[in-house]
Amino acid sequence: AVVSTQSTGDEVEADTDGIAEMLMDDNSIAQVARPGTSFKKPGTSGQGTSTSQGIRPMSQSGRPVSGFVRPSTQSGRPGTMEQAIKTPRTAHTARPVTSASGRFVRLGTASMLSEPDGPFINPSQLNLAKYADRPGLNKVLFDYLFYHENDIKNSLELAALATQSSKYEDWWWKQQLGKCYYRLGLYRDAEKQFQSALKQQPTVDNYLYLAKVFVKLDQPLAALDLFEKGMEVFPGEVSLIIGSARVHEGLG
């Protein structure tokens, strides 16, 4: 558990899409979205209370300067598609390193450190079906595979087996399945798992994970509606308020 904690990242933080992610996005819902319903076509600022985009200080990349550092915004993101294509690939995918995948690769590099007695756990030699039936060990093993080893394939297999072992009554495993599907880019499958986990156990993390999927699918109105429901259950929850504010900022 200690080894996993050292490599744990904040999974509920919204990812910042780089140029490669935007151009390679194959999860588009509508090419011509109505104003105010998509991040790609934010609402126009009129005489309302919103701040004019013309007077807001902007960074070199075109992002508003808010005074806060967002996750993955300090990485050296390529400025053009040609530069993104030329960046090194990871060992797990043939796609170029993006703002999201690069962070996960860095989290997984802890498993590459040489150890005098060999690796702490060799995932390829594990009988996952055996450990999935052991409630005191399966969650610790999942955290190790997911965070320390960055082994999404075995993490997904373990989560699926543990979900079946619990007779689909443990919301925690449904949440972990959703996290694995999200890492693999299977956002619709992740949405189903997070919705099932949220229905079974309303937690702040479940609201944030599901909203993160909606943002990735370019459904800001669904994310805002979810944040509103979450704030009714958890009044004054700062993470939900911040998530809602970021969606409003993206919509202009």
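Trainee: How many helices and how many strands does the chain have?
Mentor: This is a predicted model, where local features need pLDDT of at least 70, side-chain atom pairs count only at pLDDT 80 or more, and totals for chains, interfaces and linings use all residues. Residues are numbered from 1 along each chain as its sequence is written, and side-chain values use heavy atoms, with hydrogens and water left out. Helices (H or I, at least four residues) and strands (E, at least two) are DSSP runs, numbered from the N terminus. On that basis the chain has 12 helices and zero strands.

Trainee: What percentage of the residues count as buried?
Mentor: Buried means under 20% relative accessible area, exposed over 50%, and partly exposed in between, using a 1.4 Å probe and protein chains only. Of the chain's 252 residues, the buried share is 37%.

Trainee: Which helices do the buried residues of α9 pack against?
Mentor: Helix α9 covers residues 187–200 and reaches 20 Å from its first C-alpha to its last, close to the 20 Å expected at 1.5 Å a residue; the expected span is 1.5 Å times one less than the number of residues. Its buried residues are Y187, A190, E191, Q193, F194, A197 and L198. With contact meaning heavy atoms within 4.5 Å, they pack against α8 (171–183), α10 and α11 (220–233).

Trainee: Is α10 roughly parallel or roughly antiparallel to α12?
Mentor: Axes are lines fitted to C-alpha atoms, for helices over the stretch in contact, and angles run from 0 to 180 degrees between N-to-C directions. Helices α10 (residues 204–216) and α12 (residues 238–251) pack at about 10 degrees, axes 10 Å apart. Under 35 degrees counts as roughly parallel, over 145 as roughly antiparallel, 65 to 115 as roughly perpendicular and the rest as oblique. So α10 is, relative to α12, roughly parallel.

Trainee: Which residues of α12 meet α10?
Mentor: From the α10 side, V204, Y207, L208 and V215 take part. Their partners in α12 are S239, L240 and V247.

Trainee: Where does N150 lie, given its positive phi?
Mentor: Most residues other than glycine have a negative phi. N150 isn't a glycine, yet its phi is about 55 degrees. At 10% relative accessibility, N150 counts as buried. Its place is the loop between α6 (135–148) and α7 (152–165).

Trainee: And where is Y168 found?
Mentor: Y168 is another residue other than glycine with a positive phi, near 60 degrees. Y168 sits in the loop between α7 and α8.
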